[in-house]
Amino acid sequence: MKTSRLNIRTPEGIVFSQQIAGPVTRFLACFIDQFCIQVVLMLAGLLISLLAVVSFNIALALYVIGFFIVSIGYGILLEWAWRGQTIGKRLLRLRVVDVEGMRLQFNQIVVRNLLRFVDSLPAFYFVGGVTCWLNSKCQRLGDIAANTVVIRHPRIDEPDLDQVLGGKFNSLRQFPHLAARLRQNTTPAEAAIALQSLLRREEFEPVARVELFAAIAAHFRSKVEFPAEATDGITDEQFLRNVLDVAYRSKN
Amino acid sequence: MIIDLQKFIANERPVWAELETILNRIEAEPTAQLSLEQVQHFHELYERTAADLAKLATYSSEPETHRFLESLVSRAYGEIHETREKRSRFSPLTWFFQTWPQTFRKHVRAFYLSLAITIAGCAFGGLAIAFDPDSKPVLMPFSHLLQDPAKRVAEEENSTYDRLKGQKTSFSAELMTHNTKVSIFTLSLGMTWGVGTILMLFYNGVILGAVAVDYIHAGQTKFLLGWLMPHGVIEIPAILIAGQAGLLLAAALIGRGQRAPFRTRIRQVSGDIATLIFGVALMLIWAGFIEAFLSQYHEPVIPYDAKIAFGCVELVLLSVFLAKSGRKNPTA
(Lines give C-alpha, C1' and ligand atoms only; values in the text may rest on other atoms or scores of the structure.)
Protein backbone atom coordinates (compact mmCIF):
# COMPACT_ATOMS: atom_id res chain seq x y z
CA MET A 1 0.00 0.00 0.00
CA LYS A 2 1.25 3.48 -0.84
CA THR A 3 2.09 5.52 2.22
CA SER A 4 3.22 9.09 2.66
CA ARG A 5 5.28 8.45 5.78
CA LEU A 6 8.34 6.37 6.54
CA ASN A 7 7.80 4.93 10.01
CA ILE A 8 10.76 3.44 11.83
CA ARG A 9 10.27 1.60 15.10
CA THR A 10 13.41 1.33 17.19
CA PRO A 11 14.12 -1.76 19.32
CA GLU A 12 13.32 0.47 22.31
CA GLY A 13 9.75 0.74 20.96
CA ILE A 14 10.05 4.40 19.95
CA VAL A 15 8.50 5.27 16.62
CA PHE A 16 9.74 8.16 14.56
CA SER A 17 8.35 9.00 11.19
CA GLN A 18 9.42 11.04 8.23
CA GLN A 19 7.37 12.32 5.34
CA ILE A 20 8.18 10.64 2.02
CA ALA A 21 8.73 13.00 -0.90
CA GLY A 22 6.33 12.60 -3.80
CA PRO A 23 7.30 12.13 -7.45
CA VAL A 24 6.37 15.69 -8.47
CA THR A 25 8.50 17.31 -5.76
CA ARG A 26 11.37 15.02 -6.65
CA PHE A 27 11.03 15.84 -10.32
CA LEU A 28 11.19 19.56 -9.51
CA ALA A 29 14.33 19.01 -7.41
CA CYS A 30 15.81 17.04 -10.30
CA PHE A 31 14.94 19.89 -12.66
CA ILE A 32 16.76 22.39 -10.42
CA ASP A 33 19.76 20.06 -10.23
CA GLN A 34 19.87 19.71 -14.00
CA PHE A 35 19.82 23.50 -14.28
CA CYS A 36 22.73 23.71 -11.79
CA ILE A 37 24.66 21.09 -13.77
CA GLN A 38 24.15 23.09 -16.97
CA VAL A 39 25.37 26.27 -15.25
CA VAL A 40 28.49 24.48 -13.96
CA LEU A 41 29.13 23.02 -17.41
CA MET A 42 28.69 26.40 -19.03
CA LEU A 43 31.19 28.01 -16.63
CA ALA A 44 33.60 25.10 -17.09
CA GLY A 45 33.19 25.43 -20.87
CA LEU A 46 34.09 29.12 -20.69
CA LEU A 47 37.21 28.40 -18.64
CA ILE A 48 38.24 25.52 -20.87
CA SER A 49 37.70 27.61 -24.00
CA LEU A 50 40.49 29.87 -22.75
CA LEU A 51 42.76 26.81 -22.79
CA ALA A 52 41.78 26.15 -26.40
CA VAL A 53 44.03 29.05 -27.37
CA VAL A 54 46.98 26.90 -26.23
CA SER A 55 45.71 23.48 -27.36
CA PHE A 56 42.27 22.78 -28.79
CA ASN A 57 42.86 19.05 -28.44
CA ILE A 58 43.55 19.18 -24.70
CA ALA A 59 40.72 21.68 -24.16
CA LEU A 60 38.25 19.37 -25.93
CA ALA A 61 39.49 16.36 -23.93
CA LEU A 62 39.07 18.30 -20.68
CA TYR A 63 35.57 19.35 -21.65
CA VAL A 64 34.54 15.77 -22.53
CA ILE A 65 35.91 14.42 -19.25
CA GLY A 66 34.59 17.41 -17.29
CA PHE A 67 31.10 16.96 -18.76
CA PHE A 68 31.12 13.30 -17.76
CA ILE A 69 32.44 13.91 -14.25
CA VAL A 70 30.08 16.80 -13.51
CA SER A 71 26.98 15.05 -14.84
CA ILE A 72 27.66 11.88 -12.86
CA GLY A 73 29.63 13.28 -9.93
CA TYR A 74 27.30 16.18 -9.08
CA GLY A 75 24.77 14.00 -7.27
CA ILE A 76 27.36 11.73 -5.69
CA LEU A 77 29.56 14.54 -4.38
CA LEU A 78 26.79 16.78 -3.04
CA GLU A 79 24.75 13.98 -1.49
CA TRP A 80 27.89 12.78 0.26
CA ALA A 81 29.02 16.22 1.41
CA TRP A 82 25.54 17.41 2.47
CA ARG A 83 24.33 14.12 3.91
CA GLY A 84 21.78 13.21 1.26
CA GLN A 85 21.07 16.60 -0.26
CA THR A 86 21.81 18.33 -3.54
CA ILE A 87 21.02 21.97 -4.33
CA GLY A 88 17.58 21.02 -5.69
CA LYS A 89 16.82 18.79 -2.72
CA ARG A 90 18.01 21.45 -0.30
CA LEU A 91 15.79 24.11 -1.85
CA LEU A 92 12.76 21.84 -1.72
CA ARG A 93 13.66 20.50 1.74
CA LEU A 94 14.25 16.92 0.54
CA ARG A 95 16.88 14.49 1.79
CA VAL A 96 18.04 11.01 0.83
CA VAL A 97 18.02 8.67 3.83
CA ASP A 98 18.54 4.98 4.43
CA VAL A 99 15.24 3.13 4.19
CA GLU A 100 15.80 1.51 7.60
CA GLY A 101 17.03 4.67 9.28
CA MET A 102 20.68 3.60 9.24
CA ARG A 103 23.60 5.85 8.45
CA LEU A 104 23.64 6.71 4.74
CA GLN A 105 26.76 5.12 3.27
CA PHE A 106 28.90 6.33 0.39
CA ASN A 107 28.27 3.20 -1.66
CA GLN A 108 24.50 3.71 -1.35
CA ILE A 109 24.92 7.20 -2.79
CA VAL A 110 27.08 5.83 -5.62
CA VAL A 111 24.63 3.06 -6.52
CA ARG A 112 21.53 5.29 -6.48
CA ASN A 113 23.24 7.88 -8.67
CA LEU A 114 24.67 5.39 -11.16
CA LEU A 115 21.28 3.79 -11.61
CA ARG A 116 19.99 7.08 -12.97
CA PHE A 117 21.09 5.57 -16.28
CA VAL A 118 18.09 3.24 -16.28
CA ASP A 119 15.78 5.51 -14.33
CA SER A 120 16.15 8.23 -16.95
CA LEU A 121 15.12 5.90 -19.79
CA PRO A 122 13.78 6.52 -22.37
CA ALA A 123 13.63 10.25 -21.55
CA PHE A 124 12.78 12.64 -18.70
CA TYR A 125 13.10 9.96 -16.01
CA PHE A 126 10.09 8.07 -17.34
CA VAL A 127 11.15 4.68 -15.91
CA GLY A 128 12.15 6.25 -12.58
CA GLY A 129 8.96 8.31 -12.46
CA VAL A 130 6.67 5.36 -13.13
CA THR A 131 8.54 3.19 -10.61
CA CYS A 132 8.33 6.00 -8.07
CA TRP A 133 4.62 6.36 -8.69
CA LEU A 134 3.94 2.66 -8.24
CA ASN A 135 6.31 2.03 -5.34
CA SER A 136 4.88 2.17 -1.83
CA LYS A 137 7.81 4.31 -0.62
CA CYS A 138 8.05 6.35 -3.80
CA GLN A 139 11.43 4.83 -4.66
CA ARG A 140 12.88 4.89 -8.14
CA LEU A 141 15.00 1.92 -9.29
CA GLY A 142 18.18 3.57 -7.96
CA ASP A 143 16.59 3.95 -4.52
CA ILE A 144 15.45 0.32 -4.51
CA ALA A 145 18.95 -0.87 -5.43
CA ALA A 146 20.59 1.37 -2.84
CA ASN A 147 18.03 0.87 -0.04
CA THR A 148 17.35 4.55 0.14
CA VAL A 149 14.28 6.74 0.23
CA VAL A 150 13.83 10.47 -0.29
CA ILE A 151 12.09 12.23 2.57
CA ARG A 152 10.70 15.72 2.90
CA HIS A 153 11.10 18.06 5.85
CA PRO A 154 8.27 20.51 5.32
CA ARG A 155 8.52 23.78 7.17
CA ILE A 156 6.06 23.49 10.04
CA ASP A 157 4.38 26.83 10.54
CA GLU A 158 2.81 27.59 13.85
CA PRO A 159 -0.97 27.81 13.35
CA ASP A 160 -2.32 31.34 13.20
CA LEU A 161 -4.03 31.08 16.56
CA ASP A 162 -4.69 34.79 16.97
CA GLN A 163 -7.09 34.53 14.08
CA VAL A 164 -9.31 32.07 15.96
CA LEU A 165 -8.57 32.74 19.61
CA GLY A 166 -8.57 36.51 19.81
CA GLY A 167 -7.13 36.65 23.33
CA LYS A 168 -10.44 36.06 25.11
CA PHE A 169 -10.72 34.67 28.62
CA ASN A 170 -10.31 30.89 28.65
CA SER A 171 -12.41 29.29 31.36
CA LEU A 172 -10.67 25.92 30.90
CA ARG A 173 -7.37 27.36 32.13
CA GLN A 174 -8.90 27.91 35.55
CA PHE A 175 -8.38 24.18 36.05
CA PRO A 176 -4.72 23.67 35.16
CA HIS A 177 -4.60 19.94 35.96
CA LEU A 178 -7.58 19.26 33.68
CA ALA A 179 -6.18 21.53 30.99
CA ALA A 180 -2.90 19.60 31.17
CA ARG A 181 -4.80 16.32 30.83
CA LEU A 182 -6.71 17.67 27.82
CA ARG A 183 -3.44 18.73 26.18
CA GLN A 184 -1.98 15.28 26.85
CA ASN A 185 -5.00 13.47 25.39
CA THR A 186 -5.41 15.61 22.29
CA THR A 187 -3.58 14.24 19.28
CA PRO A 188 -2.14 16.57 16.65
CA ALA A 189 -4.72 15.28 14.15
CA GLU A 190 -7.66 16.06 16.48
CA ALA A 191 -6.33 19.53 17.20
CA ALA A 192 -5.87 20.12 13.46
CA ILE A 193 -9.53 19.18 12.78
CA ALA A 194 -10.75 21.64 15.41
CA LEU A 195 -8.47 24.36 14.07
CA GLN A 196 -9.61 23.86 10.48
CA SER A 197 -13.27 23.91 11.47
CA LEU A 198 -12.76 27.33 13.10
CA LEU A 199 -10.60 28.74 10.32
CA ARG A 200 -13.19 27.72 7.70
CA ARG A 201 -16.31 28.60 9.71
CA GLU A 202 -17.56 31.07 7.08
CA GLU A 203 -17.64 28.34 4.46
CA PHE A 204 -20.42 26.43 6.28
CA GLU A 205 -24.15 27.01 6.28
CA PRO A 206 -25.21 28.33 9.75
CA VAL A 207 -27.08 25.17 10.69
CA ALA A 208 -24.35 22.86 9.44
CA ARG A 209 -21.75 24.95 11.28
CA VAL A 210 -23.60 24.64 14.59
CA GLU A 211 -23.97 20.88 14.11
CA LEU A 212 -20.29 20.50 13.20
CA PHE A 213 -19.06 22.49 16.21
CA ALA A 214 -21.43 20.53 18.44
CA ALA A 215 -20.06 17.21 17.19
CA ILE A 216 -16.42 18.23 17.57
CA ALA A 217 -17.01 19.85 20.97
CA ALA A 218 -18.76 16.68 22.19
CA HIS A 219 -15.73 14.69 21.14
CA PHE A 220 -13.39 16.90 23.18
CA ARG A 221 -15.79 16.99 26.14
CA SER A 222 -15.67 13.20 26.25
CA LYS A 223 -11.86 13.30 26.56
CA VAL A 224 -11.76 15.31 29.79
CA GLU A 225 -14.71 16.25 31.94
CA PHE A 226 -14.46 19.86 33.11
CA PRO A 227 -16.61 21.22 36.00
CA ALA A 228 -19.82 22.95 35.00
CA GLU A 229 -18.49 26.44 35.88
CA ALA A 230 -15.85 26.04 33.17
CA THR A 231 -18.23 25.03 30.39
CA ASP A 232 -21.65 26.45 31.27
CA GLY A 233 -22.76 29.48 29.34
CA ILE A 234 -20.28 29.14 26.51
CA THR A 235 -21.14 28.01 23.01
CA ASP A 236 -19.66 24.90 21.41
CA GLU A 237 -17.63 27.18 19.14
CA GLN A 238 -16.15 29.06 22.10
CA PHE A 239 -15.45 25.76 23.82
CA LEU A 240 -13.45 24.67 20.77
CA ARG A 241 -11.50 27.94 20.80
CA ASN A 242 -10.65 27.30 24.45
CA VAL A 243 -9.60 23.72 23.65
CA LEU A 244 -7.27 24.96 20.91
CA ASP A 245 -5.80 27.55 23.23
CA VAL A 246 -4.97 24.75 25.66
CA ALA A 247 -3.66 22.36 22.98
CA TYR A 248 -1.44 24.73 21.05
CA ARG A 249 -0.40 27.28 23.64
CA SER A 250 1.63 25.46 26.22
CA LYS A 251 2.30 28.60 28.32
CA ASN A 252 -0.11 28.93 31.18
CA MET B 1 1.02 10.93 32.62
CA ILE B 2 0.57 14.70 32.71
CA ILE B 3 3.66 16.80 32.21
CA ASP B 4 4.36 20.47 32.54
CA LEU B 5 5.53 21.07 28.99
CA GLN B 6 7.58 24.20 29.58
CA LYS B 7 9.37 22.73 32.55
CA PHE B 8 9.88 19.45 30.74
CA ILE B 9 11.47 21.13 27.71
CA ALA B 10 13.63 23.36 29.87
CA ASN B 11 14.89 20.35 31.85
CA GLU B 12 15.57 18.14 28.86
CA ARG B 13 17.06 20.68 26.47
CA PRO B 14 20.65 20.26 27.82
CA VAL B 15 20.40 16.49 27.16
CA TRP B 16 19.28 17.07 23.58
CA ALA B 17 21.98 19.68 23.03
CA GLU B 18 24.67 17.29 24.28
CA LEU B 19 23.40 14.49 22.06
CA GLU B 20 23.39 16.84 19.09
CA THR B 21 26.97 17.92 19.82
CA ILE B 22 28.16 14.30 19.94
CA LEU B 23 26.29 13.46 16.73
CA ASN B 24 27.80 16.45 14.94
CA ARG B 25 31.25 15.31 16.01
CA ILE B 26 30.69 11.69 14.93
CA GLU B 27 29.31 12.80 11.57
CA ALA B 28 32.10 15.29 10.95
CA GLU B 29 34.81 12.76 11.81
CA PRO B 30 33.59 9.34 10.64
CA THR B 31 36.92 7.71 11.47
CA ALA B 32 37.07 8.98 15.09
CA GLN B 33 36.74 6.28 17.75
CA LEU B 34 34.72 6.77 20.92
CA SER B 35 35.93 5.27 24.18
CA LEU B 36 33.72 2.74 25.99
CA GLU B 37 32.60 5.41 28.49
CA GLN B 38 31.77 7.81 25.66
CA VAL B 39 29.78 5.14 23.84
CA GLN B 40 27.84 4.32 27.02
CA HIS B 41 27.12 8.00 27.63
CA PHE B 42 26.06 8.44 23.99
CA HIS B 43 23.69 5.50 24.32
CA GLU B 44 22.20 6.91 27.53
CA LEU B 45 21.59 10.26 25.86
CA TYR B 46 19.96 8.52 22.90
CA GLU B 47 17.64 6.47 25.11
CA ARG B 48 16.63 9.50 27.15
CA THR B 49 15.96 11.58 24.02
CA ALA B 50 13.98 8.72 22.47
CA ALA B 51 11.89 8.52 25.65
CA ASP B 52 11.34 12.31 25.49
CA LEU B 53 10.14 11.93 21.93
CA ALA B 54 7.64 9.31 23.03
CA LYS B 55 6.37 11.66 25.75
CA LEU B 56 5.96 14.56 23.32
CA ALA B 57 4.45 12.45 20.54
CA THR B 58 0.86 13.10 21.53
CA TYR B 59 1.21 16.86 21.96
CA SER B 60 -0.18 19.28 19.39
CA SER B 61 1.97 22.07 20.72
CA GLU B 62 5.69 22.37 20.12
CA PRO B 63 5.69 20.91 16.57
CA GLU B 64 9.21 22.24 16.00
CA THR B 65 10.48 20.55 19.16
CA HIS B 66 8.82 17.33 18.10
CA ARG B 67 10.44 17.46 14.68
CA PHE B 68 13.80 18.35 16.19
CA LEU B 69 13.59 15.33 18.49
CA GLU B 70 12.58 13.05 15.60
CA SER B 71 15.60 14.25 13.67
CA LEU B 72 17.93 13.73 16.65
CA VAL B 73 16.58 10.26 17.42
CA SER B 74 16.76 9.17 13.78
CA ARG B 75 20.40 10.32 13.49
CA ALA B 76 21.40 8.65 16.75
CA TYR B 77 19.47 5.50 15.84
CA GLY B 78 21.43 5.26 12.58
CA GLU B 79 24.73 5.57 14.42
CA ILE B 80 23.88 3.13 17.21
CA HIS B 81 22.14 0.41 15.24
CA GLU B 82 24.38 0.52 12.15
CA THR B 83 26.01 -2.90 11.97
CA ARG B 84 28.02 -2.44 8.79
CA GLU B 85 31.69 -1.92 9.43
CA LYS B 86 32.60 1.72 9.71
CA ARG B 87 35.02 2.56 6.94
CA SER B 88 38.40 3.60 8.22
CA ARG B 89 40.15 6.52 6.54
CA PHE B 90 40.05 5.85 2.81
CA SER B 91 43.37 4.75 1.40
CA PRO B 92 43.53 4.69 -2.42
CA LEU B 93 46.42 2.22 -2.41
CA THR B 94 44.68 -0.20 -0.03
CA TRP B 95 41.53 0.07 -2.11
CA PHE B 96 43.41 -0.54 -5.36
CA PHE B 97 45.65 -3.40 -4.25
CA GLN B 98 43.31 -5.09 -1.78
CA THR B 99 39.65 -4.10 -1.77
CA TRP B 100 39.07 -4.14 -5.51
CA PRO B 101 40.75 -7.49 -6.41
CA GLN B 102 39.32 -9.11 -3.26
CA THR B 103 35.83 -7.97 -4.25
CA PHE B 104 36.35 -9.30 -7.76
CA ARG B 105 37.36 -12.71 -6.42
CA LYS B 106 34.53 -12.76 -3.88
CA HIS B 107 32.03 -12.68 -6.73
CA VAL B 108 34.09 -14.48 -9.35
CA ARG B 109 31.20 -16.80 -10.27
CA ALA B 110 29.23 -13.82 -11.54
CA PHE B 111 32.30 -12.91 -13.61
CA TYR B 112 32.45 -16.41 -15.09
CA LEU B 113 28.76 -16.14 -15.98
CA SER B 114 29.41 -12.76 -17.57
CA LEU B 115 32.29 -14.31 -19.53
CA ALA B 116 30.18 -17.29 -20.61
CA ILE B 117 27.40 -15.00 -21.91
CA THR B 118 29.94 -12.95 -23.86
CA ILE B 119 31.53 -16.11 -25.31
CA ALA B 120 28.08 -17.33 -26.34
CA GLY B 121 27.55 -13.97 -28.07
CA CYS B 122 30.98 -14.28 -29.77
CA ALA B 123 30.09 -17.75 -31.02
CA PHE B 124 26.76 -16.53 -32.35
CA GLY B 125 28.31 -13.48 -34.08
CA GLY B 126 31.19 -15.52 -35.48
CA LEU B 127 28.97 -18.29 -36.82
CA ALA B 128 26.53 -15.79 -38.28
CA ILE B 129 29.30 -14.05 -40.25
CA ALA B 130 30.86 -17.38 -41.27
CA PHE B 131 27.61 -18.82 -42.61
CA ASP B 132 25.96 -15.62 -43.79
CA PRO B 133 28.46 -12.84 -44.65
CA ASP B 134 25.56 -10.68 -45.85
CA SER B 135 24.43 -10.32 -42.24
CA LYS B 136 27.41 -8.02 -41.58
CA PRO B 137 25.45 -4.73 -41.80
CA VAL B 138 22.88 -6.10 -39.33
CA LEU B 139 25.41 -7.45 -36.83
CA MET B 140 27.84 -4.53 -37.00
CA PRO B 141 25.95 -1.28 -37.33
CA PHE B 142 29.19 0.73 -37.37
CA SER B 143 30.32 2.08 -40.75
CA HIS B 144 34.05 1.67 -40.06
CA LEU B 145 33.57 -2.07 -39.49
CA LEU B 146 31.61 -2.69 -42.68
CA GLN B 147 34.63 -2.13 -44.90
CA ASP B 148 36.41 -5.13 -46.43
CA PRO B 149 39.12 -6.09 -43.85
CA ALA B 150 41.86 -6.65 -46.45
CA LYS B 151 41.13 -3.25 -48.03
CA ARG B 152 41.17 -1.51 -44.65
CA VAL B 153 44.49 -3.13 -43.67
CA ALA B 154 46.02 -2.05 -46.98
CA GLU B 155 44.79 1.53 -46.44
CA GLU B 156 46.05 1.66 -42.84
CA GLU B 157 49.48 0.27 -43.71
CA ASN B 158 49.95 2.55 -46.73
CA SER B 159 48.69 5.65 -45.01
CA THR B 160 51.28 8.43 -44.98
CA TYR B 161 49.56 10.78 -42.61
CA ASP B 162 48.49 10.49 -38.97
CA ARG B 163 44.69 10.76 -39.06
CA LEU B 164 44.60 11.25 -35.28
CA LYS B 165 47.25 13.95 -35.29
CA GLY B 166 46.24 16.68 -32.89
CA GLN B 167 43.19 14.68 -31.74
CA LYS B 168 44.62 11.83 -29.72
CA THR B 169 43.91 13.31 -26.28
CA SER B 170 40.32 14.25 -27.08
CA PHE B 171 39.79 10.91 -28.85
CA SER B 172 41.00 9.01 -25.78
CA ALA B 173 38.74 11.15 -23.55
CA GLU B 174 35.76 10.30 -25.74
CA LEU B 175 36.62 6.59 -25.62
CA MET B 176 36.99 6.63 -21.84
CA THR B 177 33.72 8.39 -21.18
CA HIS B 178 31.74 6.43 -23.76
CA ASN B 179 32.98 3.06 -22.53
CA THR B 180 32.41 4.04 -18.91
CA LYS B 181 28.83 5.04 -19.75
CA VAL B 182 28.27 1.68 -21.48
CA SER B 183 29.69 -0.11 -18.42
CA ILE B 184 27.49 1.82 -15.99
CA PHE B 185 24.51 1.10 -18.22
CA THR B 186 25.39 -2.62 -18.24
CA LEU B 187 25.55 -2.55 -14.44
CA SER B 188 22.31 -0.56 -14.11
CA LEU B 189 20.41 -3.01 -16.29
CA GLY B 190 20.91 -5.53 -13.49
CA MET B 191 17.70 -3.96 -12.15
CA THR B 192 15.81 -5.71 -14.96
CA TRP B 193 16.44 -8.96 -13.04
CA GLY B 194 19.60 -9.27 -15.10
CA VAL B 195 17.86 -9.54 -18.48
CA GLY B 196 19.22 -6.21 -19.72
CA THR B 197 22.75 -6.99 -18.49
CA ILE B 198 22.68 -10.37 -20.22
CA LEU B 199 21.50 -8.77 -23.47
CA MET B 200 24.24 -6.13 -23.31
CA LEU B 201 26.94 -8.75 -22.69
CA PHE B 202 25.61 -11.01 -25.41
CA TYR B 203 25.39 -8.16 -27.91
CA ASN B 204 28.96 -7.07 -27.14
CA GLY B 205 29.99 -10.67 -27.71
CA VAL B 206 28.11 -10.81 -31.02
CA ILE B 207 29.96 -7.74 -32.36
CA LEU B 208 33.33 -9.01 -31.12
CA GLY B 209 32.79 -12.48 -32.60
CA ALA B 210 31.56 -11.09 -35.90
CA VAL B 211 34.54 -8.70 -36.26
CA ALA B 212 37.01 -11.42 -35.30
CA VAL B 213 35.66 -13.96 -37.78
CA ASP B 214 35.40 -11.29 -40.51
CA TYR B 215 39.12 -10.41 -40.16
CA ILE B 216 40.27 -14.00 -39.69
CA HIS B 217 38.28 -15.07 -42.76
CA ALA B 218 40.01 -12.32 -44.75
CA GLY B 219 43.43 -13.55 -43.57
CA GLN B 220 44.06 -10.51 -41.36
CA THR B 221 44.44 -12.29 -38.01
CA LYS B 222 47.71 -10.61 -37.14
CA PHE B 223 46.32 -7.16 -37.90
CA LEU B 224 43.24 -7.97 -35.82
CA LEU B 225 45.31 -9.03 -32.81
CA GLY B 226 47.63 -6.04 -33.16
CA TRP B 227 44.66 -3.71 -33.46
CA LEU B 228 42.47 -5.09 -30.65
CA MET B 229 44.82 -6.59 -28.09
CA PRO B 230 46.61 -3.50 -26.69
CA HIS B 231 43.35 -1.92 -25.46
CA GLY B 232 40.96 -4.87 -25.76
CA VAL B 233 42.62 -7.02 -23.12
CA ILE B 234 41.71 -4.32 -20.60
CA GLU B 235 38.52 -2.95 -22.15
CA ILE B 236 36.78 -6.30 -22.65
CA PRO B 237 37.45 -7.52 -19.09
CA ALA B 238 36.22 -4.12 -17.87
CA ILE B 239 32.87 -4.65 -19.62
CA LEU B 240 32.80 -8.20 -18.23
CA ILE B 241 33.34 -6.86 -14.70
CA ALA B 242 30.56 -4.32 -15.26
CA GLY B 243 28.42 -7.30 -16.29
CA GLN B 244 29.59 -9.09 -13.14
CA ALA B 245 28.34 -6.13 -11.07
CA GLY B 246 25.02 -6.11 -12.96
CA LEU B 247 24.54 -9.85 -12.43
CA LEU B 248 25.40 -9.38 -8.75
CA LEU B 249 22.67 -6.77 -8.46
CA ALA B 250 20.25 -9.06 -10.31
CA ALA B 251 21.10 -11.99 -8.01
CA ALA B 252 20.39 -9.82 -4.95
CA LEU B 253 17.15 -8.68 -6.52
CA ILE B 254 15.98 -12.21 -7.33
CA GLY B 255 17.37 -13.76 -4.14
CA ARG B 256 17.17 -17.35 -5.35
CA GLY B 257 18.58 -19.70 -2.72
CA GLN B 258 19.10 -16.88 -0.25
CA ARG B 259 17.17 -16.72 2.99
CA ALA B 260 18.03 -13.11 3.80
CA PRO B 261 15.26 -10.57 3.12
CA PHE B 262 15.46 -8.31 0.07
CA ARG B 263 16.85 -5.25 1.87
CA THR B 264 19.56 -7.29 3.55
CA ARG B 265 20.59 -8.89 0.26
CA ILE B 266 20.81 -5.51 -1.43
CA ARG B 267 22.71 -4.07 1.54
CA GLN B 268 25.22 -6.91 1.34
CA VAL B 269 26.16 -6.23 -2.28
CA SER B 270 25.85 -2.46 -2.73
CA GLY B 271 29.37 -1.78 -1.46
CA ASP B 272 30.82 -4.45 -3.72
CA ILE B 273 28.94 -3.09 -6.73
CA ALA B 274 30.38 0.38 -6.12
CA THR B 275 33.88 -1.08 -5.74
CA LEU B 276 33.62 -3.09 -8.96
CA ILE B 277 32.35 -0.16 -11.02
CA PHE B 278 35.09 2.17 -9.77
CA GLY B 279 37.61 -0.50 -10.77
CA VAL B 280 35.97 -0.70 -14.20
CA ALA B 281 36.30 3.09 -14.60
CA LEU B 282 40.05 2.88 -13.85
CA MET B 283 40.49 0.07 -16.38
CA LEU B 284 38.66 2.06 -19.03
CA ILE B 285 40.80 5.15 -18.44
CA TRP B 286 43.87 3.02 -19.19
CA ALA B 287 42.18 1.34 -22.18
CA GLY B 288 41.16 4.73 -23.59
CA PHE B 289 44.74 6.00 -23.50
CA ILE B 290 46.08 2.86 -25.13
CA GLU B 291 43.41 2.79 -27.82
CA ALA B 292 44.06 6.40 -28.85
CA PHE B 293 47.84 6.43 -28.53
CA LEU B 294 48.78 2.86 -29.54
CA SER B 295 46.02 0.67 -30.99
CA GLN B 296 45.24 2.94 -33.94
CA TYR B 297 48.86 2.81 -35.21
CA HIS B 298 49.84 -0.16 -37.33
CA GLU B 299 52.80 -1.39 -39.32
CA PRO B 300 55.10 0.09 -40.41
CA VAL B 301 54.73 2.68 -37.57
CA ILE B 302 54.52 0.01 -34.84
CA PRO B 303 55.23 -3.69 -35.56
CA TYR B 304 52.26 -5.97 -34.95
CA ASP B 305 54.41 -8.33 -32.91
CA ALA B 306 55.26 -5.51 -30.51
CA LYS B 307 51.58 -4.59 -30.12
CA ILE B 308 50.55 -8.22 -29.59
CA ALA B 309 53.37 -8.71 -27.07
CA PHE B 310 52.25 -5.56 -25.25
CA GLY B 311 48.68 -6.88 -25.14
CA CYS B 312 49.87 -10.26 -23.80
CA VAL B 313 51.89 -8.57 -21.04
CA GLU B 314 48.87 -6.47 -20.07
CA LEU B 315 46.62 -9.53 -20.00
CA VAL B 316 49.05 -11.50 -17.83
CA LEU B 317 49.50 -8.57 -15.44
CA LEU B 318 45.74 -8.00 -15.19
CA SER B 319 45.10 -11.71 -14.58
CA VAL B 320 47.79 -11.94 -11.91
CA PHE B 321 46.56 -8.72 -10.31
CA LEU B 322 42.94 -9.84 -10.13
CA ALA B 323 43.86 -13.36 -9.03
CA LYS B 324 46.58 -12.63 -6.50
CA SER B 325 46.56 -9.02 -5.31
CA GLY B 326 45.36 -8.60 -1.74
CA ARG B 327 45.36 -12.35 -1.15
CA LYS B 328 46.30 -13.10 2.42
CA ASN B 329 49.36 -15.33 2.83
CA PRO B 330 48.07 -18.49 4.60
CA THR B 331 51.43 -19.03 6.31
CA ALA B 332 51.55 -15.53 7.70
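**Close-ups of a two-chain predicted model**

**View 1. Helix H11 (residues 221–254) of chain B runs alongside helix H13 (residues 304–324) of chain B, their axes coming within 8 Å and crossing at roughly 20 degrees.** That crossing makes H11(B) roughly parallel to H13(B) (angles under 35 degrees count as such). Axes here are lines fitted to C-alpha atoms, for helices over the stretch in contact, with angles from 0 to 180 degrees between N-to-C directions. Helices are DSSP runs (H or I, at least four residues), numbered from the N terminus. This is a predicted model, where local features need pLDDT of at least 70 and side-chain atom pairs count only at pLDDT 80 or more, while totals for chains, interfaces and linings use all residues. Residues are numbered from 1 along each chain as its sequence is written, and chains are lettered from A and ligands numbered from 1 in the order written.

**View 2. Who touches whom between H11(B) and H13(B).** From H11(B), residues including B:Phe223, B:Met229 and B:Ile234 meet a set in H13(B) that includes B:Tyr304, B:Phe310 and B:Leu318 (contact: C-beta atoms, placed from the backbone, within 7 Å). The residues of this contact split into 12 nonpolar, two polar and three charged. Ala, Val, Leu, Ile, Met, Phe, Trp, Tyr, Cys and Pro count as nonpolar, Asp, Glu, Lys and Arg as charged, and the others, Gly among them, as polar.

**View 3. Chain A meets chain B, with 46 residues of chain A in contact with 46 residues of chain B.**

Notes:
Two residues are in contact if their C-beta atoms, placed from the backbone, lie within 7 Å. Helices (H or I, at least four residues) and strands (E, at least two) are DSSP runs, numbered from the N terminus. Angles under 35 degrees count as roughly parallel, over 145 as roughly antiparallel, 65 to 115 as roughly perpendicular and the rest as oblique.
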